[in-house]
Amino acid sequence: MSEYHRLEALAQQLLAAARKAGADQADAVALEAAAVSVDVRAGHLEHAERAEGVEIGLRVLVGGRQACVSASDRSARTIEEMAVRAVAMAREAPVDDTLGLAEPEQLARDTDSARLDLYDHAAEPTPEHLRDLALRAEAAALAVEGVSTVESAGASHSQRRMWLAATNGFSAGYGRSGHSLSTVAITGEGLGMERDWAGESRVHAADLPAPEEIGRLAAERTVARRGARKPPTGAFPILYDERVASGLIGHLVAAVNGASVARGASWLRDALGEQVLPRGFALREDPHRPRYGSSRLFDGEGLATAPRLIVADGVLQGWTLDLATARKLGMDSTANAMRGAGSPPSPGVTNLELTPGDKTRDELIREMGRGLVVTSMLGASINGTTGDYSRGAGGFWVENGEIAHAVNECTIAGNLRDMLLRLTAANDLPDWRSMRVPSLLVEGMTVAGE
């Protein structure tokens, strides 16, 4: 029996047990995953790990109530006990009339994910090969003048197969693979120590950059941070480097999530059809991008996914919805349900892309005159209801349109609604990211340093 047939059989066993236990509706997930990771340090193997297993999950719906259970044991007895326990739990849960499976006519018809090319069918890399990749990345980092040591260099490989089935007739699955490389380098020592990193992940190993490229980039970023100090305090323009700019747009994405909107806990809850980004900006979701790890033909409730515009010409077009949040808001699902084995569906996004600008990052730095380039973030205080924003940041201070010195230990603050309306985008849109966002210049933010 192939891997997918085995997972499908487990999902169907779960559904049969749920019906027998008294569920009105049910859906089931069967997951099989394996991962290998290797870390090296000082030219030697530091850590190697392999993990693999199968997990099963069941959601039952009984009279407008739901419950979810999961297990790693997949014996017939466990499946029967899971179903009985889930139905008992559901009967004690509060009633929610928005819960329920998709109608059969809503379900995806095209479920063959082969065209998305999400699984690398090449031979699985051996631990020895992963160690070699990590050692090459470490050696490249150490070859850069100014690097005192490499904290870690690692390589990993993973593969995951999933099957989703439901009592409404949906039954489909797909597999994903992943390859990653990363390096963390250190310069200086004691109180003058600084570190930075570089890393990349791909579905296919052939799409990864060379380990030497990753090691060298980590080292160059680290060496550039030598002599970091606090910036002045005041109101200044801030350029979010493309390394962190996706986090800024991520706050917008979180605010248009239907779960937050339905609770009234979003600072954009009344902004549908309003300007949320400058004119000319579009934020597009494309769940069908080949060889991208977040791509998928159907969502966690079996609905067909499709490209959509979240923002068009700066205007908010819609929320991110699964079936339950769509029903709460009197709308249709956007086929954005995400789910794991032990949790019910909830809205989430796949591949996003923000419109790039026509100026380079360096041109924006020259135009900002005096301000801060942010390349790393730490900690966060975000008020999800008002959009008040405060985060720790590190990066580089700009004087007279040129980078003057590295920066650490500062706080940047503003209000997200105002900040996002003052964006200027660079043209450095990164590839191979689930959220493709270029460097973003934001005028008039507060910097707290010295």
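Visitor: Which residue in β16 is the bridge partner of Gly-395?

Guide: Happy to show you, bearing in mind that this is a predicted model. Strand β15 covers residues 388-399, and strand β16 covers residues 402-415. The two strands run antiparallel and are joined by 11 bridges. In β16, Gly-395 pairs with Val-407.

Visitor: Which residue in the turn between β15 and β16 has a positive phi?

Guide: These two strands make a hairpin, with 2 residues between them. The turn residue with a positive phi, about 55°, is Asn-400.

Visitor: How many of the 12 residues of β15 are buried?

Guide: A residue counts as buried when its relative accessible area is under 20%. By that count β15 is largely enclosed by the rest of the structure, because the number of buried residues is 9.

Visitor: Are helices α1 and α2 parallel or oblique to each other?

Guide: Helix α1 (residues 3-21) packs on helix α2 (residues 76-92) with axes 8 Å apart and an angle of about 50°. Their crossing is right-handed. An angle under 35 degrees would count as roughly parallel, so α1 and α2 are oblique.

Visitor: How many of the residues in the contact of α1 with α2 are nonpolar?

Guide: Among the residues that meet are Leu-10, Leu-14 and Ala-17 in α1, and Ile-79, Met-82 and Val-87 in α2. The contact also includes 1 polar and 3 charged residues, and the nonpolar ones number 10.

Key
Residues numbered from 1 in each chain as written. Predicted model: local features only at pLDDT ≥ 70, side-chain atom pairs only at ≥ 80, totals over all residues. Heavy atoms only, no water. Axes fitted to C-alpha atoms, helices over the stretch in contact; angles between N-to-C directions. Helix = DSSP H or I, 4+ residues; strand = E, 2+ residues; numbered from the N terminus. Parallel < 35°, antiparallel > 145°, perpendicular 65-115°, else oblique. Left-handed = near helix turned anticlockwise from the far one by under 90°. Contact = heavy atoms within 4.5 Å. Nonpolar A, V, L, I, M, F, W, Y, C, P; charged D, E, K, R; others polar. Buried < 20%, exposed > 50% of the residue type's maximum accessible area, 1.4 Å probe, protein only. Pairing = 2+ DSSP bridges.
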